[in-house]
Structure formats: C-alpha cells, structure tokens
Amino acid sequence: MNYLVTGGAGFVGSAIVKKLLKQGHVLTVIDNLNTGYIENIPKDVLFIEGDFSKNETIKKLNNAKFDGIFHIGGQSSGEMSYEDPEYDLNTNTLSTLKLLQYCVKTECKTFIYASTMSVYGEKESQEKFNEQDETNPKSFYAVGKLASEKYLEIFSKQFGIDYVSLRYFNIYGPGQNLDNLKQGMVSIYLKQFLDDSFDKVIVKGDLNRFRDLIYIDDIVDITIESAQNNKFINKIINIGTGRKTTVNEMLTLIRKYTGSEKKIVIEEGTPGDQFGIYANNKLLLSIYNKPLLDFDIGLKKMIEWIREK
Ligand SMILES: NC(=O)c1ccc[n+]([C@@H]2O[C@H](COP(=O)([O-])OP(=O)(O)OC[C@H]3O[C@@H](n4cnc5c(N)ncnc54)[C@H](O)[C@@H]3O)[C@@H](O)[C@H]2O)c1
C-alpha cells in the first residue's frame, strides 16, 4: 500500500512509520520538525519538510494518490495550546480539513486520525468514559481535536471517506521525547529522575491525579490495524487500557526501578489539566484481540531504553 503519514518525525508517528516500512508499504511523511527529529525519518521514505496546515506544503504532495492517510502529527500539549492557541488551531484542526480536502481531490478513501481522550474533559463523579459520553473539552487542544473528529464525520457522510478517530489515552514508551517537559507524564517524571541536571522532581498538580497509560507498541499495532481491519471503519474509538494509575503510583514505581531518591516537589497544576479519566475500552477489545501491556512492564522497558541511550 501507499500511505501518507503526518508527524512521522515525532514519538508516535515515527514508530508507526518504522512498522509500516517493515510491512513493506511505500511511505510519504510530512513533518515540520517542530517537536520531531530529522533522525527519526528513515531514508527509504519520501520526506516533505513543512507545515501540513499550509497550502504550500500540501502542494508538494503533487496530487499523489494514497491508499490511506495516517494524520498523526499535531501539537500534542494542552499546556502549549494555552501559550499559542492559534498555532494549535492551525496544526490540529486546519490541517485535518486541508488533508481531507486533499483526500477528496485525489480519491483517497481511508483517513486515520490521532485524536485524544482530552475531548472528554471532566465530569464530576465520573472517571471512566466511553465513546458515547458527552465531550466537554477543557483546553484549546481538546477543542481542536474534537473539531477534527467532526470534520471527519462530515467528510465521511458527504464524500464517502472512511475514517477512524482514535482517542488515544496517555502514551508512553521508548522513543518518547524526553526534552519536552510539557507533554507526557511518564516521560516528564523519568527525565527529572534520571537526568543529573535535575536535583529534584517537580510535579505540577495533585499526586492523586491519574492516567490511563498505554504502551507505544500497542498504539502502533492498533493504529496500523485500524487502517487494515474493516471493523474499525467510521468509528470513534477509545484507545486505552481501561486501567488507571495515579501520579503517586507512577512516582513510586519509577523510584523502585531507578533507585533514585530525589526529592519530589509539588507545584501548582497547569491550565486545562484533567484530574483524571480512564478508558472504557469495550469497543476496542471487541475488535482488537491482542493483550495490552501492563504499565509495570512497559515502564521497565522505557527505563532500559533511556539507560541505553
Ligand atoms: N503522546 C500522547 O500521550 C498522546 C495522547 C493523545 C493524543 N496524542 C496525539 O497523537 C499525535 C502524536 O503525538 P506524539 O506524542 O507523537 O507527539 P510529538 O510531538 O512527538 O509528534 C508530533 C509530530 O508532529 C509534528 N508537527 C507538529 N505540528 C506540525 C505541523 N503544523 N506541520 C507538520 N508537522 C507538525 C512535530 O514536529 C512532531 O514530529 C498528536 O496528534 C497528539 O495530539 C498523543
């Protein structure tokens, strides 16, 4: 197959690219290297460096026909979306519209979208969310992602594009950008615990906050299968393990596996941060059969990867 992958220089996108190449597919990658790294782009893909929300970048695709588009790239931090809401809107929403228009023009019929659990926001006395639950975004980031989901639904109805909106929960694992201290709880804490230039570990917000942590290899397998398994078509799907881990539990396990005794300092939370939600993943489990890795095991693998680096 001939696929376009956006965000292929980033954490999730580059892992997807590697696996798709192993499967023998032909790939084009777009990335502006905003948070991604050129070293993540393998030589055997066609790489277009540029902002996918801009016409000049889309033009560089030369009307090439793709069997599917994996729109993985985006601005992935709620905190950053407050610092630059306009970049967030262009990157996470305008880009989706432009790529969908490209699909219509070039008759591409499959669009896989990296959405987020942030679209649910929060609701008092509810921790576990399913795909039918009300969405209530708390950050500009989440608003933009939800808007993209809506564009997909309309393009599907009007133009027959098959879409999958994958509401990723919190992804962690080897390959994660440890220098981005604004996205990814596990990587943020690991960086501070393991890097000697940090003399303490700063936690922004309550220790009882929690996340549904899903390992990168599971994300890659699910995302690729979603383009190849008809059961995923035209669905919004929670991509989480259905298990919750508190910040306190994360920190305790990190201490256990790193042996670090650094002091933990609690600071004020960041705007738009969710206290905690986790996935009702019944829909995912009804169409995807492989087991999802436990955090305990995934964390050890991630620490090994950091130490090897
Ligand atoms: N990591 C998570 O826990 C998580 C959770 C939910 C959803 N997501 C979504 O998954 C996707 C991938 O996240 P990630 O963790 O790999 O992030 P990442 O920052 O590592 O990767 C994103 C990539 O997109 C590129 N990019 C950003 N804006 C761009 C633009 N305007 N034009 C071209 N390229 C651009 C970046 O340079 C980067 O390589 C994002 O859309 C994110 O919102 C991630």
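Tutor: A disulfide is a pair of cysteine sulfur atoms within 2.5 Å. This is a predicted model, in which local features need pLDDT of at least 70 and side-chain atom pairs count only at pLDDT 80 or more, while totals for chains, interfaces and linings use all residues. Residues are numbered from 1 along each chain as its sequence is written, and side-chain values use heavy atoms, with hydrogens and water left out.

Student: How many disulfides are there in the whole structure?
Tutor: A search of the whole structure finds 0. Cys 103 is in no disulfide, and the nearest cysteine sulfur, that of Cys 108, is 3.7 Å away.

Student: Is Cys 108 buried or exposed?
Tutor: Buried, with a relative accessible area of 1%. Buried means under 20% relative accessible area, exposed over 50%, and partly exposed in between (1.4 Å probe, protein chains only). Cys 103 also counts as buried, at 1% relative accessibility.

Student: Salt bridges next. How many does the structure hold?
Tutor: It holds 16 salt bridges. The term stands for a side-chain nitrogen of Lys or Arg within 4 Å of a carboxyl oxygen of Asp or Glu.

Student: Which residue does Glu 107 pair with?
Tutor: Glu 107 pairs with Lys 65, and their closest N and O atoms are 3.7 Å apart. Glu 107 lies in the loop between helix 4 (85–106) and strand 5 (110–116), and Lys 65 in the loop between helix 2 (55–59) and strand 4 (68–71), so the pair ties together parts that are 42 residues apart in sequence. Helices (H or I, at least four residues) and strands (E, at least two) are DSSP runs, numbered from the N terminus.

Student: Are those two residues buried or exposed?
Tutor: Glu 107 is exposed, and so is Lys 65.

Student: What about Lys 191, which residue is its partner?
Tutor: Asp 195, with the closest N and O atoms 2.9 Å apart. Lys 191 is buried, at a relative accessible area of 15%, while Asp 195 counts as partly exposed at 22%.

Student: And which residue does Asp 294 bridge to?
Tutor: Arg 243, where the closest N and O atoms are 3.4 Å apart. Asp 294 is in the loop between helix 9 (282–287) and helix 10 (295–308), and Arg 243 is in the loop between strand 12 (235–239) and strand 13 (245–246), so this pair ties together parts that are 51 residues apart in sequence.

Student: Which residues are linked in a network of salt bridges?
Tutor: Lys 19, Asp 221 and Lys 290 are linked in such a network.

Student: Now the ligand. How many residues surround it?
Tutor: 30 residues surround the ligand, and the closest are Val 12, Asp 31, Thr 35, Tyr 141 and Lys 145. A residue counts as near if one of its heavy atoms lies within 4 Å.

Student: How far is a ligand oxygen from the side chain of Asp 31?
Tutor: An oxygen atom of the ligand is 2.6 Å from an N or O atom in that side chain. For the side chain of Thr 35 the distance is 2.6 Å, and for Tyr 141 it is 2.7 Å.

Student: Which element gives the largest share of the shell?
Tutor: Strand 5, with 3 residues.

Conventions: Polar contact = N/O pair within 3.5 Å; in protein donor to acceptor, adjacent residues only side chain to side chain.
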